[in-house]
Amino acid sequence: MKIAVTGKGGVGKTLLTALLAKVFSEAGYSVLAIDADPDANLAATLGFPDSDKMVPISEMSALIEERTGARPGQIAPYYRLNPKVDDLPEKYSIIYDGIRLMAMGRIKRGGTGCYCPEGALLQALLIHLLVVRDEVVILDMEAGIEHLARGTAKAVDKLIVVVEPGRRSIETAYRIDELAQDIGLLNVAVVANKVRNQSDRKFLLSNLPDFKILGFIPYDQAIVEADLANLPLLDSSQQIINEIRNIYQALLSPAKVQSLIN
Ligand SMILES: Nc1ncnc2c1ncn2[C@@H]1O[C@H](COP(=O)(O)OP(=O)(O)OP(=O)(O)O)[C@@H](O)[C@H]1O
Ligand SMILES: [Mg+2]
């Protein structure tokens, strides 16, 4: 299963990615979590030691040059559009607590948007991760899906848009849904986060009539406290973990379970 998580800034994309990675891993799946946000903090949220020392692939100039034949930032008339990437996940990922993690850095827009060697390498890597690898792959993206090329989008089983009770994140969800349809990504669903009460829930339900809502994650002050005290977020809220387990169940439809078994 390949899951991409997006939504407006600060809605809880990284928290959801980290917790889904944890729940899938606990259920026995091999999990590859990918930080595709240039402002990377998935490793830290997952509690990886030395997370601040991780260098994203987009900043590995020597590697980009070795694989594409051109230095990033250079005006290069020719570079390889299909660089070798299959060895990169093992070489440039780190594993902690059963979860493999890769930091991609900023992924330039695919298709016509980018004629640069780092874009070519990252797009090739993304396609490899989504199409060839057989783990559960969960992608934490910056707001928006502009960098998902058509070929990549087809490999995404579920695009999860995280929303919070508020008009702006809902507007973002509609915008993302439109972009998703443009690139042929039809499996879009919403996860509501920071839901404080019944009226938040009603607000979200009435403003997102066209979306499948996979779950409602409660707002929990314990997460805020853990963040302030620099404590691990993952174990700080039992009620949030419980709801993530429900979302995990909602993601695993019977057909999907069958295809994972085969
Ligand atoms: N359910 C929740 N209850 C309380 N606080 C929450 C909840 N979900 C997320 N937060 C807090 O909200 C902040 C943003 O969460 P997070 O970093 O996961 O969002 P994001 O969408 O990844 O943000 P960004 O766009 O900056 O990458 C964090 O401080 C996090 O601890
Ligand atoms: Mg984030």
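The entries below record what I looked up.

Conventions. I worked on a predicted model, in which local features need pLDDT of at least 70, side-chain atom pairs count only at pLDDT 80 or more, and totals for chains, interfaces and linings use all residues. Residues are numbered from 1 along each chain as its sequence is written, and chains are lettered from A and ligands numbered from 1 in the order in which they are written.

Helix α5. I took helices (H or I, at least four residues) and strands (E, at least two) as DSSP runs, numbered from the N terminus. I called a residue buried if 20 or more other C-beta atoms, placed from the backbone, lie within 10 Å of its own. By that count 12 of the 16 residues of α5 are buried, so the helix is largely enclosed by the rest of the structure. Among them are P117, L121 and L130. The cover includes β1 (2-7), β2 (31-36) and α3 (61-68), where contact means C-beta atoms, placed from the backbone, within 7 Å.

Core. Of its 73 residues, A33 and I138 touch the most other members. The largest share, 8 residues, comes from α5. Beyond four places in sequence, the contacts of A33 include T17, L42 and I138.

Ligand 1. I found 18 residues around ligand 1, the closest being G9, G12, K13, T14 and L15; the cut-off is a C-beta atom, placed from the backbone, within 6 Å. α1 (13-26), β7 (188-195) and α9 (221-228) each give two or more residues to this shell.

Terms used. Two residues are in contact if their C-beta atoms, placed from the backbone, lie within 7 Å. A nonpolar core is a set of buried Ala, Val, Leu, Ile, Met, Phe, Trp, Tyr and Cys residues joined through C-beta atoms within 7 Å.
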